[in-house]
Amino acid sequence: MPTLPWTTPNPARPNTRAFVMASRLEVKSKKHVPRFFLKSLSAWGQVRSAPGALGASLEARLLKGVFFTLSAWEDRDALYRYARTEPHKSVMTGLRSTMSGSTFTFWEVPVEELPISWKDAKRRIDEQARADAESGA
């Protein structure tokens, strides 16, 4: 599946910073891919209208059972409010048992640097995965 392109739900205030989150999510088995994919589209729809969301993109590697998310927010609180709100809350809770692994990374950038490139996001995800492995996380 092609990457869902960067969507900008809310305009960023000039000369501010964005709180960015990127993730890599992998399912335990290919049999979980259809369900995970359909549920991820529900969360994708939510982020497109979420208060404080400055941008988001999703990449699904369906044949590998790997999903990448990338989003930018006005601040950490906006991201956490989104994560605790339905349908995202139930989607993530309901899919937890199907996951074989995940990596999350967070950083801040000036809003003028949005959208974030997938190359940068995946580099940061890889760095975080290495750091997690070294720390035993």
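Tutor: The largest cavity has a volume of about 40 Å³, where a cavity is a set of points on a 1 Å grid over the protein atoms alone at which a 1.4 Å probe fits but cannot get out, and a volume is the space filled by probe spheres set on points joined across faces, edges and corners. This is a predicted model, in which local features need pLDDT of at least 70 and side-chain atom pairs count only at pLDDT 80 or more, while totals for chains, interfaces and linings use all residues. Residues are numbered from 1 along each chain as its sequence is written, and side-chain values use heavy atoms, with hydrogens and water left out.

By this rule, the count comes to 1 cavity of 30 Å³ or more. The lining of the largest cavity, meaning residues with an atom within 4 Å of a point, is made up of Ala12, Arg13, Thr16, Arg17, Leu54, Glu74 and Val111. These lining residues divide into 3 nonpolar, 1 polar and 3 charged, if Ala, Val, Leu, Ile, Met, Phe, Trp, Tyr, Cys and Pro count as nonpolar, Asp, Glu, Lys and Arg as charged, and the others, Gly among them, as polar.

Turn now to the largest pocket, which has a volume of about 620 Å³; a pocket is an open set of points with protein on both sides within 12 Å along at least five of seven lines. The largest pocket is lined by 29 residues, and Ser23, Leu25, His88, Met92 and Phe104 are those nearest its centre. Its lining holds 20 nonpolar, 8 polar and 1 charged residues. Among the elements that each supply at least two residues of this lining are strand 2 (17-27), helix 1 (33-47), helix 3 (88-95) and strand 5 (99-110), helices (H or I, at least four residues) and strands (E, at least two) being DSSP runs numbered from the N terminus.

Strand 1 is joined to strand 3 by 2 bridges, and the two run antiparallel, with Thr7 standing opposite Ala56 in strand 3.

Definitions and conventions: Pairing = 2+ DSSP bridges.
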